[in-house]
Amino acid sequence: MNNHRDDPSHHRPWWERRVYVAALILLAFVPLIYPEYPPLVDLPGHMGRYRVEMSIASSPDLQRFYGFDWRPIGNLGVDLLVAPLGRLIGLEAAVKLIVMTIPPLTVAGFLWVAREVHHRLPPTAVFALPFAFAFPFLFGFVNFALAMALAMLAFALWLRLARQGRDRLRAVLFVPISFLLFFTHAFGWGMLGLLCFSAEAVRQHDRGLAWFRAGFKAALHAAVLALPMFVILLWRSGTSGELTHGWFDWPRKWLWVYSALRDRWEWFDIAAVAAVGVVLVFAIFHRRLEYSRNLAFSALVLVAAFLLLPWTVFGSAYADMRLVPYIFALALLAIRFKGPTDLKLAGVLATLALALLAVRLAGTTASLALAADHQRERLAALDHVPRGARLVHLAGQMCADHWALPRNSHLGGMALVRRHAFSNEQWAIDGANLLQVRFTEAGPFRSDPSQIVREESCANANRWSADQALRSIPRGVFDYAWLIDMPPYDRRLTEGWALVWSGEGSLLYRLPESPEDE
């Protein structure tokens with residue numbers, strides 16, 4: 001029971017005021033204001049797909065390389081939004097506007113959930129807000145991140161309607177909401193189902209039902225979200241191949257836990273996760289604090305899902321990793337005071353939470369600004385690529401233990417965006433997206449991860465070395481080779497290639513038309 005009426009203060013403390021909440025939501029826009037477009041790891045590749053989506057009907061160049069067929073799949077969020085908005089303001093501006101809105105929506109969802117559960121905003125709720133810029137978002141899983149933001153908002157609505165006893169209205173509303181979430185990204189729909197089921201189970205138990213009966217009745221209430229299952233059966237029925245693997249990889253799962261805020265500086269990112277870990281432990285042992293059973297149970301349900309999920313589901317990698325930031329966020333949102341609020345302790349906690357958020361936002365803003373500048377330097381090469389060129393690009397990555405996110409690994413997608421050129425980093429996963437690669441002459445350079453090269457010392461069967469990649473480029477097939485942040489390689493392999501442009505971390509070569517021309 002939350003005793004907000006026992007608060008001796010006759011006015012809201014500063015961490016509960018609407019202007020403070022509005023400021024928190026607006027602050028989440030800040031990190032992406034400076035970059036020309038959001039420099040997230042996978043996003044340039046997604047932007048290449050958006051260019052095909054928007055322009056293939058009028059671009060013979062794109063038609064040579066790609067196909068695009070709209071289908072009802074559970075991974076369409078930004079794809080659906082960018083088509084109409086891009087025609088109004090341009091593709092890159094549309095992507096920036098849509099993507100920079102995701103963190104504020106996430107923040108709003110977190111705060112609304114806390115408000116519905118506690119009937120006020122606890123001073124500790126802001127500890128959850130750095131997870132709006134968590135590892136999955138910074139990696140560029142934008143459809144997923146948008147779906148999770150919408151899922152948190154929908155969960156708050158579910159809680160509000162339950163609190164008001166409007167179960168029939170809730171059942172009606174959440175049928176279309178379930179489809180909206182599913183088509184944005186299936187993971188968001190799945191998470192909403194878990195959250196709604198767990199919250200309803202606690203609600204039914206609080207009404208006096210035993211846990212088994214409470215769970216059964218909660219499943220009946222949550223069944224209004226189940227209709228997209230029929231879409232899944234149609235979606236997956238035409239796919240083939242080994243698309244789900246990596247079960248119970250415990251070392252990797254532990255990595256995901258302390259990488260929940262992974263960005264650029266290892267000590268900075270891990271320290272932030274450690275700080276919220278301290279807050280979670282502090283709340284367990286402090287006599288004035290407790291956890292809401294509602295949100296604590298929801299967090300535990302997500303923990304179980306995280307432990308059971310494999311690394312790859314339906315061809316989408318990092319499946320289990322994506323849940324970790326939301327487990328942290330829900331656990332932090334669950335913290336509240338037992339009995340009357342201790343305003344002195346609450347003020348300290350609210351100040352510490354705001355300080356952590358400010359530090360993380362400053363670090364994220366600086367990191368994204370650095371990434372934007374680095375990418376701008378490398379993208380100058382595209383000024384020298386003719387429209388419709390057959391481009392192969394290689395992007396160097398450090399060995400696997402390097403912490404900073406490999407933000408340039410899909411930078412070649414911008415050749416699609418700006419030059420309607422072929423780029424070998426698009427995903428070709430059966431059933432996972434709408435784009436098809438038709439340029440079969442590219443051979444092993446048809447799709448991701450053919451663009452990623454590593455140092456010789458850490459190359460493996462799945463990631464080739466720079467030398468292996470350079471030797472494998474089919475002669476006479478590509479017009480240009482774009483080398484980005486390359487590790488050391490044998491310079492003799494580029495003899496006979498004409499250097500067109502060079503810049504910071506970027507080399508552009510004109511390739512011979514046939515092997516005899518070298």
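How many positive and negative side chains does the protein chain have, and how far apart do the centres of the two sets lie? The protein chain has 50 positive and 42 negative side chains, with the centres of the two sets 12 Å apart; Lys and Arg count as positive and Asp and Glu as negative, while His and the chain ends are not counted, and the place of a charge is taken as NZ of Lys, CZ of Arg, CG of Asp or CD of Glu. The structure is a predicted model, in which local features need pLDDT of at least 70 and side-chain atom pairs count only at pLDDT 80 or more, whereas totals for chains, interfaces and linings use all residues. Residues are numbered from 1 along each chain as its sequence is written, and side-chain values use heavy atoms, with hydrogens and water left out.

The secondary structure of the protein chain consists of 18 helices and 9 strands, where helices (H or I, at least four residues) and strands (E, at least two) are DSSP runs numbered from the N terminus. Along the principal axes, the C-alpha atoms fill a box of roughly 85 × 45 × 45 Å.

Of the 518 residues in the protein chain, 57% are buried, a class defined by under 20% relative accessible area, with exposed meaning over 50% and partly exposed in between (1.4 Å probe, protein chains only). The protein chain exposes about 21,500 Å², of which carbon and sulfur atoms supply 62%; accessible areas come from the Shrake-Rupley method with a 1.4 Å probe, and for residues only the protein chains shown count as cover. Among contacts (heavy atoms within 4.5 Å) between residues at least 6 apart in sequence, 77% join residues at least 24 apart.

Val 113 belongs to helix 5 (residues 91-118) and counts as buried because its relative accessibility is 0%. Not counting residues up to four places away in sequence, Val 113 touches Met 152, Phe 155, Ala 156, Leu 159 and Leu 295. Val 113 and Leu 159 are 46 residues apart in sequence and 7.6 Å apart in space, C-alpha to C-alpha. Leu 352, by contrast, is found in helix 16 (residues 343-379) and is partly exposed, with a relative accessible area of 48%; between Leu 352 and Glu 456, 104 residues apart in sequence, the C-alpha to C-alpha distance is 46 Å.

Arg 454 lies in strand 6 (residues 452-454) and is buried, given a relative accessible area of 12%. Its side chain makes a polar contact with the side chain of Gln 397 at 3.4 Å, a polar contact being a pair of N or O atoms within 3.5 Å, of which, within protein, one must be able to donate a hydrogen and the other to accept it, and residues adjacent in sequence count only if both atoms are side-chain atoms. Arg 454 and Ala 466 are 12 residues apart in sequence and 6.1 Å apart in space, C-alpha to C-alpha.

Backbone geometry was also examined. Most residues other than glycine have a negative phi, and most peptide bonds are trans. A cis peptide bond, with omega about 5°, joins Asp 448 and Pro 449, and Pro 449 is found in the loop between strand 5 (435-437) and strand 6. Phe 248, which is not a glycine, has a positive phi of about 55°; Phe 248 is located in the loop between helix 11 (228-237) and helix 12 (250-258) and counts as partly exposed at 42% relative accessibility. His 420 likewise has a positive phi, near 55°, and is placed in the loop between helix 17 (413-419) and strand 5, where His 420 counts as buried at 7% relative accessibility.
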